[in-house]
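User: I am new to this structure and would like a short tour. Could you take me through it?

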Amino acid sequence: MSNPTRLVQTCAVIGAGPVGLAAAAHLLERGITPVVLEAGPAAGAAIGRWGHVRLFSPWRFDIDPAARRLLEGAGWSEPDPDDLPTGGELLAHYLEPLAAALAPHIRYGARVTGVTRLDADKTRTIDREGRPYLVRTVNADGTSSDVVADAVIDASGVWDRPNPLGAHGLPAPGETADAPWQVGPLPDVLGADRARFAGRRTLVVGAGHSAANTLIALAELAETAPGTEVAWAIRGRSAAKVYGGGSADALPARGSIGTRLRVLVESGAIKLVTDFAIHAFETAADGSVTVAGTSGALAARFDVDNVAAATGFRPDLELLREVRLDLDAAVEAPARLAPLIDPNFHSCGTVPPHGEADLAHPDEGFYIVGVKSYGRAPTFLLATGYEQVRSIAAALAGDREAADQVRLALPETGVCSSSPALDATSIADAEEAADCCGSSAAVEAPARGLATGVLHGRAGERVEPPQVQSGCCG
Ligand SMILES: Cc1cc2nc3c(=O)[nH]c(=O)nc-3n(C[C@H](O)[C@H](O)[C@H](O)COP(=O)(O)OP(=O)(O)OC[C@H]3O[C@@H](n4cnc5c(N)ncnc54)[C@H](O)[C@@H]3O)c2cc1C
C-alpha cells in the first residue's frame, strides 16, 4: 500500500546521515514529529569514515532543500555551490550544523536492532493495517529501549556491511573482518593511515570509485616511499568501465581519475590482475597474508601486507525481519525501484528520479531510503535520496499530489561522471582544466569522479584482452 490513510503524527528515522537528517527536516515541515535514532556518537558517522575523500558532486547537489530552509533560519552560511567538498567538509559545513538545528529530535548511541508492528509479528494479518511501529534500540550504555511511532524511515546506509572479498559472493576461507591485513574500503593512505602503507605491499580489490581513489593514493605514496607496492584485482575481464573513455563516456575522460588509473596501470606502477576470483586467505604470523585465487583458468596468488576491500556494500536486512517488505530478489532494493537501478543495466547517469510510490512496501508507512534503498546497486546519489524523503514526507502528511510530483534536476552526465581535472576542488577548476586539455564536448557541470556514464551498466561493459596476468607481490 503506497499511501497511508491514517493520520501520521510521529515518524522514527533510522540513521542521522545526510538522508536521515533530510527526512527529519521534511517531516518537520509537514508537521510530523521525527525521532532520529543514530547508532554513532554524532551525525554522519559513516561519512566520518571517509572524511579524507573528495565528493564528485559539488555542493549544489549535496544540500537538501528542506535542510537548507531550516539552516537558513539558524544563521548558516551556505558553501559555494560549485565547490567540491571532502567528506569531512560535508560534515563540518552541513551535517553538523544541520544536526545542531535538529538536536531535540536526535538520539545518539541508539543502534536499531529491530522494527515491527506494535503487538503484531510478521505473520499477523488481522488488524495489521494502521498499527503503529515499534522500533527497538540497543544504546551505548548497553540498555535497550523501544520507540513507538506511526511510520518508520530506514536511512541506515550500508557502510557497516561491505561485500565479502571471496568468490561467489561468500567470504573465502580465512576471511574475517578483524584480520590484521584488512584495511577497510577507503583507508586514508596519504594521511592518518600512511604508516600502514609506506614501504609495504597492498592489494586493492574492486572496480569502483573507492578502489580507484585508494589505488591512486597508493601510487602517489609509492613515488616517495620506497618499497611500496600496489596490486589491483578485479573480477571483470577488463578495467575499461573504470577507466572510462571513448564511446562509453558521457564526459571527456582526459585527466580523469579513470585516465590517471589507466596510465598508472600501463606504466607498471599498479599491477592489474583481471578475471580474479579469491578462494582463500592464509594469514602469516607477522600479519601478512597470502591471497590465493584464480585469474581465468590460471592459479594466481598475492603475498601482501594489506588488502583493501573496495568490493561494494549490501544492505542489513536483519533488523527488518518483522516488517513485510517487497524487495527485488537480485538487487535487494524496493521491488519497483530495483528495475530503475539494476547495475546490470544502469549507471548513475541513467537512473530516473523516483518517489514514495516506488519505495512503498506491503507494511504501509514503512520505507527504506538513501543509499540503503539502492540495495546492492552502487549508483546512489544524495540528490536522489533528498527527493525520496521529500516525496515520502508529503505522502505521510496525506499530500498525494506532492508525493507523486517527483522532480529531480540532475545533469545527466555532471554528477557522477568523470572530471577533466582530477585535482579540482571546484567546478571552476574543473572547467579551467577542461579548457586547457582541449576538451570539445559540452560539459554541463563537470565534476570529479569516475567515468560512470556507461549507459547500460554491466550489460554495456566493453571487453578488452586480459592485461597483466600475475600479481606483483607474489
Ligand atoms: C567515498 C564516497 C564518496 C561519495 N561521493 C558522493 C558524491 O560525490 N555525490 C553523491 O551524491 N553521493 C556520494 N556518495 C554516495 C552517498 O551519497 C553516501 O554514501 C551517503 O553517505 C549516503 O547517505 P545516507 O544518509 O543514505 O547513508 P549514510 O551516510 O551511510 O548514513 C547512515 C547513518 O545511519 C547510521 N546507522 C547505521 N546502522 C544503524 C542502525 N542499525 N541504527 C541506527 N543508526 C544506524 C550510521 O551510523 C550513519 O550515520 C559517496 C559515497 C562514498 C562512500
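Predicted model: local features only at pLDDT ≥ 70, side-chain atom pairs only at ≥ 80, totals over all residues.

User: How many bridges pair β12 with β13?

Analyst: Seven bridges link β12, which covers residues 289-295, to β13, and the two are antiparallel. As one example, Val289 has Val304 in β13 as its bridge partner.

User: What holds paired strands together in general?

Analyst: Strands of a sheet pair through backbone hydrogen bonds, in either a parallel or an antiparallel arrangement.

User: Now the β4-β5-β6 sheet. Is the pairing parallel or antiparallel?

Analyst: The pairing is antiparallel in this open sheet of three strands, whose order is β4-β5-β6. Its edge strands are β4 (110-117) and β6 (144-149), each of which pairs on one side only. The twist here averages 25° from one strand to the next.

User: How many bridges join β4 to β5?

Analyst: Strand β5 spans residues 133-139 and is joined to β4 by seven bridges, with the two running antiparallel. Among the bridge partners are Arg117 and Tyr133, the latter lying in β5.

User: Changing topic: which residues come nearest to the ligand?

Analyst: There are 37 residues around the ligand, and those that come nearest are Gly15, Gly17, Leu55, Gly157 and Gly370.

User: Which element gives the most to that shell?

Analyst: That is α1, which contributes three residues. At least two residues each come from α1 (18-29), β4, α10 (370-373) and α11 (382-396).

User: How do the residues of the shell divide into nonpolar, polar and charged?

Analyst: The shell around the ligand has 23 nonpolar residues, 11 polar ones and three charged ones.

User: One last point. Where is Gln405, and is it buried or exposed?

Analyst: Gln405 sits in the loop between α12 (400-404) and α13 (427-436). Gln405 counts as exposed because 12 other C-beta atoms lie within 10 Å, and a residue is exposed at 12 or fewer.

User: What separates the C-alpha atoms of Gln405 and Glu356?

Analyst: Those C-alpha atoms are separated by 10.0 Å, while Gln405 and Glu356 are 49 residues apart along the chain.

Definitions and conventions
Residues numbered from 1 in each chain as written. Pairing = 2+ DSSP bridges. Helix = DSSP H or I, 4+ residues; strand = E, 2+ residues; numbered from the N terminus. Axes fitted to C-alpha atoms, helices over the stretch in contact; angles between N-to-C directions. Near = placed C-beta within 6 Å. Nonpolar A, V, L, I, M, F, W, Y, C, P; charged D, E, K, R; others polar. Buried ≥ 20, exposed ≤ 12 C-beta atoms within 10 Å, placed from the backbone.
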